[in-house]
Amino acid sequence: MILAKNLTLSYDNKKNIIEDANFMIKEKEFIFISGSSGSGKSTLLKSFYGGIPIKKGNLFVNKFDLAKKSDSKLLQMRKDLGIVFQDYKLIQEYTIEENIMLPLKVHNYADDISRSQVKKLLKHVKLSHKIGAYPAELSGGEQQRVAVARALAHNPSIILADEPTGNLDDYSSDMIWTLLKNANEHLGITIVVVTHRIPKDMGIKYRRFNIEEGVVYEAS
Amino acid sequence: MKLLKSFFSFAFPLVVMLFMFSIYLVVTKVVNNYKNNIINDYAIVVIANTPLSTIDSLAGIDVKDIEPLSREKIIKNVHKNLSDTSIELLQKKLPYFYKIYLDEFPTTLKLEQIRKELMTVSNIKKIETFSNDHNKLYSLLILVQNIIFILFGAVLLLSILLLSKQIKIWFFEHNERISIIQLHGGSLLYSSKPIIKIILGSALFSSILACIMLFVVITNIQMIIEPELMVLIPTVLSMEMEIFKIFILSIIIPLITFFGLLVKYKLK
């Protein structure tokens, strides 16, 4: 659950990127955040994982108050999130297996459990044959599927995705949307996606928030 | 190649610092050995009007033994030239002589302090420290030890600066990995694991290299120092404890530097 009360965000304390936002994202919801370039949609998503300090108001993520964050509690809160970025943010020195294992290692899962979970996920994202490869050996679409697999690895309650299909062709984009839809429908994970391109036929119920000049409102 | 270069950039100042430390340890060992040798022969002689009571320590140095000198022997040495009445009078008037043995050889300053402390004992008339024979060489050795210690301190500071610079470079190089791990809830310490591994690897390598250098110095010591100074070097210069100290220092200094930077990084 994500709850924003009079949320104001700013990078430099001068110009507010998001102003006085009030909204609630319930468990198991599929949410799109859209808006024009530079409207602040990525900044809003960033605030959900504590990537930007809160200037005013309150932001609760899974009952954790990000306005009163402490380092250790913030890290604890992040353990229950899965994050997907436009530029994938895979660790180049790690193999695909090691990249997907990362959240499991942070959670102190036993090695054998982690490995079997990675195998399952790679099968799910249709990349079983790439288990020992490095990110640089994969196409953009494949890297993003690995990023989604990593976000799903520890069965988080929320997945935050920032333009997950921004750099991908239509075929890869469709695969990513399917993976996110399945995670929401079958695993009950809350999905929050920042995008400027909402797919025409999602086939599931979703809500959309739009941002214009720092104002967040629910679009129909 | 890049990894090797950064590894050596870290190991080099560490090796220099450890080598300097090992030289300091060798000199300390030589000084201690000299001190132990001379302390067995060294004693302070005091002359007292009445028998001397027990003294536990002088100027912070434990008193090993107080040995009274036989008055009969002294009288025997001079009795040929004296009449019986004079001898009788001498027996009555002759003061008490004592040799005070210490646990360690005192420095000039300590000797002065010992002299002052003994002078406060009311029945003591005269004190002879016989320090000149040993004192010059001992003071010289202490001077050399102190100079090496100061040099070691300077090298240590410089090494810490160079080590912290290299660790900062590693933090910069691993910045992306660290931030990705932190995004997944990993702590800064957890995400810095690869840096800790390189640090421990370099520390181990440096301590081995410093120990090899120390071994080379010890086995070839007669080529390094003047022959007349060889009397100062113990015939068996065992360095097991010193090697352990070098190893511990090689681990502690990089880790302290690392954790110092980690705190700074965290505060940022």
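Is Lys126(A) buried or exposed? Keep that one in mind for a moment, everyone, and thanks for coming. What we have here is a predicted model.

So, Lys126(A). This residue is exposed, because its relative accessible area is 55% and the cut-off for exposed is over 50%. You can find Lys126(A) in the loop between α4 (111–124) and α5 (140–152) of chain A. Its backbone is worth a look as well: Lys126(A) is not a glycine, yet its phi is positive, at about 60 degrees.

Asn6(A) sits in strand β1 (residues 2–10) of chain A. With 38% relative accessibility, Asn6(A) counts as partly exposed.

Now let's go inside. How many residues does the largest nonpolar core have? The count is 66, and the residues with the most contacts inside this core are Met17(B), Ile44(B), Val46(B), Ile100(B), Leu102(B), Leu118(B) and Ile167(B). The biggest contributor is helix α1 (residues 2–41) of chain B, which gives 16 residues. Let's zoom in on Ile100(B). Leaving aside residues up to four places away in sequence, Ile100(B) touches a list of residues including Ala43(B), Ile44(B), Val46(B), Leu58(B), Asp65(B) and Leu118(B).

Next, the place where the chains meet. Here 17 residues of chain A are in contact with 11 residues of chain B. Together the two chains bury about 1,400 Å², and 66% of that is on carbon and sulfur atoms. On the chain B side, three names to remember are Arg177(B), Leu183(B) and His184(B): they supply 49% of the area that chain B buries against chain A, more than any other three residues.

Last stop: empty space. Rolling a probe the size of a water molecule over the atoms shows where such space is left. The largest pocket holds about 630 Å³ of space. Which residues lie nearest its centre? They are Gly50(A), Gly51(A), Arg78(A), Ser179(B) and Gln182(B), out of 23 residues in the lining. Two or more lining residues come from each of these elements: α1 (41–48) and α2 (71–78) of chain A, and α6 (175–183) and α10 (240–267) of chain B. Of the elements, α2(A) gives the most, with four residues. By type, the lining has 10 nonpolar, five polar and eight charged residues.

That's my tour. Happy to take your questions!

Terms used. Residues are numbered from 1 along each chain as its sequence is written. Chains are lettered from A and ligands numbered from 1 in the order in which they are written. This is a predicted model: local features need pLDDT of at least 70, side-chain atom pairs count only at pLDDT 80 or more; totals for chains, interfaces and linings use all residues. Side-chain values use heavy atoms; hydrogens and water are left out. On a 1 Å grid over the protein atoms alone, a cavity is a set of points where a 1.4 Å probe fits but cannot get out, and a pocket is an open set with protein on both sides within 12 Å along at least five of seven lines; lining residues have an atom within 4 Å of a point. Grid points are joined across faces, edges and corners, and a volume is the space filled by probe spheres set on the points. Ala, Val, Leu, Ile, Met, Phe, Trp, Tyr, Cys and Pro count as nonpolar, Asp, Glu, Lys and Arg as charged, and the others, Gly among them, as polar. A nonpolar core is a set of buried Ala, Val, Leu, Ile, Met, Phe, Trp, Tyr and Cys residues joined through side-chain atoms within 4.5 Å. Buried means under 20% relative accessible area, exposed over 50%, partly exposed in between (1.4 Å probe, protein chains only). Contact means heavy atoms within 4.5 Å. Buried area is the accessible area (1.4 Å probe) that two parts lose on being put together, summed over both.
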